[in-house]
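Hello,

Here is the structure I promised to pass on to you.

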Amino acid sequence: MSAIGFSVRFLVAGLAAAVLAAGRAVAEDWPGADWARQPVARGPALEAFEAYAFPPRDEVERRGVRSDAVVVIRDGVLVYEHYAAPTTANTPHLVWSVSKSLLACLLGVAYGEGRFRLDDPALQYYPPLAGHPDLRMRHLLNWTSGLAWEEDYEYSPLKSSVIAMLYTRGHNDMARFVARHQADAGPGTRFSYSSGDSVLLAAALKGMLPAERHADYPWRALFEPLGITSAVWERDATGTFIGASYAYLSARDLARVGLLMLRDGRWGERRLLPADWVAFNRAPVPGYQPRGEGLVPGGHWWLNLPLARASRPWPNAPADTFAALGHWGQALYVLPAEKLVIVRFADDRDSSYRHNDFLRLVRAAFAVGEAP
């Protein structure tokens with residue numbers, strides 16, 4: 001082939017790539033200071049959804065489904081939002097363990113900046129883990145640290161490691177409290193959901209950053225690029241972010257995190273999270289065996305994948321659905337196949353709420369092509 005022929009082919013290929021990229025940019029909606037809006041029309045499907053998500057609220061016994069907010073984003077456009085007083089569109093709501101997935105996003109930015117690798121020893125960034133030299137960053141992200149930990153809440157306060165960490169003897173220096181726990185399994189050999197693992201990740205993040213950059217890192221690295229203005233994230237007495245639980249965001253702002261994950265870590269023309277990081281978040285924990293509750297853990301996110309002959313945890317949602325979940329019904333659902341992001345804030349105090357029922361009704365009301 002002549003040099004001229006090669007140059008022409010190269011130019012055509014480059015123009016084609018530019019046209020495709022431009023087409024994608026034009027086709028995609030991204031929020032600016034606010035979301036573009038296109039409310040769905042009212043009808044039986046929407047009414048059935050609202051009857052489930054916002055039934056008459058029991059403020060005496062606090063029983064039943066008690067949604068505080070629901071926001072639905074379809075392909076970058078806000079198609080539905082509803083709030084129950086006192087929560088409003090501007091309320092930074094405590095998201096509890098959804099904070100763990102926010103931490104995973106924040107660590108994804110640090111990973112993309114080359115600050116750590118998944119197979120690095122965690123003690124490299126948090127030296128009090130010297131007693132656990134084989135513990136790697138990926139183990140903490142997969143909740144497979146092997147540390148002896150009791151993830152019980154208000155129902156078993158006397159034996160709960162997390163209650164002790166958050167509120168009693170461990171609350172001043174949470175990561176050091178976790179690091180002092182003995183191992184009862186080898187790192188990477190056993191899944192055990194642990195807020196302690198998330199707190200150690202937050203301490204590791206602090207250790208990999210220059211001291212002067214730590215306090216504003218969540219805002220500079222993640223929240224500000226996404227246009228999030230409502231975020232609050234509490235720290236313990238050492239200044240370490242409580243990566244397991246104590247972040248607060250408005251529902252609209254949390255939906256921005258969902259859109260970031262829906263689009264595989266891209267925000268507009270910027271790749272905020274590396275593609276391999278998002279793939280790790282959405283990959284099942286190696287060797288995980290399905291349990292009675294059905295949820296499939298990934299890299300600090302929850303997955304809807306069928307494993308080991310078990311059906312999908314949420315059979316009425318697509319297999320590629322994944323979520324960030326928190327205590328008392330907090331949820332950020334991402335449904336890539338249907339380009340949906342759903343935020344739910346709640347104050348559920350019993351087991352009335354069912355993820356699968358909620359998602360079935362969401363899809364009927366908001367997914368394009370779904371029957372009412």
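Let me start with the second largest pocket, which holds about 160 Å³ of space. A pocket here is an open set of points on a 1 Å grid over the protein atoms alone, where a 1.4 Å probe fits and protein lies on both sides within 12 Å along at least five of seven lines; lining residues have an atom within 4 Å of a point. Grid points are joined across faces, edges and corners, and the volume is the space filled by probe spheres set on the points.

Before going further, please note that this is a predicted model: local features need pLDDT of at least 70 and side-chain atom pairs count only at pLDDT 80 or more, while totals for chains, interfaces and linings use all residues. Residues are numbered from 1 along each chain as its sequence is written, and side-chain values use heavy atoms, with hydrogens and water left out.

The lining of that second largest pocket includes Trp-35, Asn-90, Gly-227, Asp-253 and Arg-256. By class, the lining has three nonpolar, five polar and four charged residues. Nonpolar covers Ala, Val, Leu, Ile, Met, Phe, Trp, Tyr, Cys and Pro; charged covers Asp, Glu, Lys and Arg; the others, Gly among them, are polar.

Gly-227 also follows helix H9 and has a positive phi, near 80 degrees. Helix H9 (residues 217-226) is largely enclosed by the rest of the structure, because seven of its ten residues are buried. Among them are Tyr-217, Leu-222 and Phe-223. Buried means under 20% relative accessible area (1.4 Å probe, protein chains only), exposed is over 50%, and partly exposed is in between. Helices (H or I, at least four residues) and strands (E, at least two) are DSSP runs, numbered from the N terminus.

The largest pocket holds about 1100 Å³. Its lining has 31 residues, and Leu-295, Leu-325, Gly-326, His-327 and His-355 lie nearest the centre. Strand S11 (322-326) and helix H12 (355-366) each supply at least two of the lining residues.

Finally, Thr-87 sits in the loop between strand S3 (77-83) and strand S4 (93-94). Thr-87 counts as buried because its relative accessibility is 10%. Beyond its neighbours within four places in sequence, Thr-87 is in contact (heavy atoms within 4.5 Å) with Asp-68, Ala-69 and His-93. The C-alpha atoms of Thr-87 and Ala-251 are 9.7 Å apart, although 164 residues separate them along the chain.

Best wishes
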